[in-house]
Every structure is written in structure tokens, then in C-alpha cells.
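Keep the 3D view open and follow along point by point.

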Amino acid sequence: RRRASPFPAADWAAPLAAAVVALVMYGRSIGFAFVWDDLDLIVRHADLQGPMWAQSLTRDFWSATGGGTGMWRPLVTFSYRIDGVLSGWTPAWFHAVNVLGFALAAALIARLAQRRGASLTLAALAGACFACAPSQAEAVAWVAGRTDVFVAVGTLLALLGAGEARRGAPRRGLAAVVLGTSVALLAKETAVVVP
């Protein structure tokens, strides 16, 4: 007797389709160079690239640009450090992380639509519409836009977790809410609305 899969094809088909659309839409940005604020936040950010890099996690996100805004985004700064160490500070890796994060967000949109009762086709379409929205271009193609990608992923995880908690999986749901909210809050201050 066959055992039912905990992840039937209908559960992952729409999110996978949405992720593929996002990858097709923004995959070419992996070949882009650093631009605008990327130069100050990554290329010329001596603290981030030096041995005392951990101090940059406690500073104003924009301090490397010579100004201060009161914004604290340690998850994004930490991700820049990881990307730099793994890639030798080449832009392709940084862009790839943005693209993959955005593909994950598109997949989570599709999954959220499914959990709200959308058909497989409608859920895939919801994720694809998110992936193709022109307003997303800056968040994906510009490395400094990663803050928005991380907020989207965190917020969507929290929303999915809240739904899981309501459907009878309180521990798993609460864990997803806490993880998602933490990701969003540590990526950008606008996530204060998530809780």
C-alpha cells in the first residue's frame, strides 16, 4: 500500500511555476554590475569587507554612504558579508541571491493563494503576476533592493504561518510567524506592520 505524500504535486506545482516565472523575468540581472547605492553599501564599505565587519551589523544601514538615517537592517548587511566572502565580492553572486529570494517570494505568493482557496491555475497566476509586476524590478535588479525582497519573504512566511496556526498546527504556525516576522523586521523597518 502506498503512503500519501506529505507534499502532493498540487501543493508545489503553483509555487514552482511562479518561481520559474520570476527566474525567467530576472535571471539576466545576475550579469549586472553594482550600481548606485550598491557601490557605497558593498564595494566601498571597508568595514563590511574588513576584519571588524561584525561592527557594521550594529550601525546605521546607510552609515557607509556618509550619512545616517536611523535605519537598522542587520540581516541585509549580514547577507552582504556572506555573499562577499563566498563570491570574492563579485556582483553576480549578490544579484543571484536577490533573484533567488524574489523567486521564493513569488512561490510564497502562489502558496498563500492556494491556502486561501485558489485553484492551482489561479495560484500560479497570482505568483506570476507578482513576479512580472514592473514595480518589482528595482528590488530584484538592484542589490540594495534586497531589503524589500527579504521583507516580502518574511511577511509571506508569517502570513502562511498564521494560516497554519488557525488550521490546527499551532506550533509549526507560530514558528513560521516568529521566523517570518524576524526576517522582515531585521531586513527593513517598514516590517513593523507585520506583527
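1. At roughly what angle do the axes of helix 8 and helix 9 cross? A word of caution before the reply: this is a predicted model. The two axes, with helix 8 spanning residues 146-166, cross at roughly 160 degrees and come within 7 Å of each other. Angles over 145 degrees count as roughly antiparallel, and helix 8 and helix 9 are therefore roughly antiparallel to each other. Their crossing is left-handed.

2. Next, look at who makes that contact. Helix 8 contributes residues including Phe150, Gly154, Ala158, Gly161 and Ala162, while Ala176, Val177, Gly180 and Ala184 are among those from helix 9. Sorted by class, the contact of helix 8 with helix 9 has 12 nonpolar, 7 polar and 2 charged residues.

3. You will find valine 177 in helix 9, which covers residues 170-187. Leaving aside residues up to four places away in sequence, valine 177 touches Ala158, Gly161 and Ala162.

4. Is valine 177 buried, partly exposed or exposed? Buried would need under 20% relative accessible area, and exposed over 50%. Valine 177 has 24% relative accessibility, so it counts as partly exposed.

5. Now turn to helix 5 and helix 6. Their axes are 8 Å apart and the helices pack at an angle of about 145 degrees, with a right-handed crossing. By class, the contact of helix 5 with helix 6 has 11 nonpolar, 2 polar and no charged residues.

6. Nonpolar side chains in soluble globular proteins tend to be buried together. In this model, the largest nonpolar core has 24 residues, and Ala22, Phe102 and Ala106 have the most contacts inside it. Helix 1 (9-26), helix 5 (91-115), helix 6 (120-132) and helix 8 each supply at least two residues of this core. Helix 5 gives the most, with 10 residues.

7. Which residues does phenylalanine 102 touch, not counting residues up to four places away in sequence? They are Ala22, Tyr26, Phe130, Ala131, Gln136, Val140 and Val149. Do also look for a second, separate core of 19 residues, which includes Leu48, Phe61, Tyr80 and Phe94.

Terms used: Residues numbered from 1 in each chain as written. Predicted model: local features only at pLDDT ≥ 70, side-chain atom pairs only at ≥ 80, totals over all residues. Heavy atoms only, no water. Helix = DSSP H or I, 4+ residues; strand = E, 2+ residues; numbered from the N terminus. Buried < 20%, exposed > 50% of the residue type's maximum accessible area, 1.4 Å probe, protein only. Contact = heavy atoms within 4.5 Å. Axes fitted to C-alpha atoms, helices over the stretch in contact; angles between N-to-C directions. Parallel < 35°, antiparallel > 145°, perpendicular 65-115°, else oblique. Left-handed = near helix turned anticlockwise from the far one by under 90°. Nonpolar A, V, L, I, M, F, W, Y, C, P; charged D, E, K, R; others polar. Core = buried A, V, L, I, M, F, W, Y, C linked by side-chain atoms within 4.5 Å.
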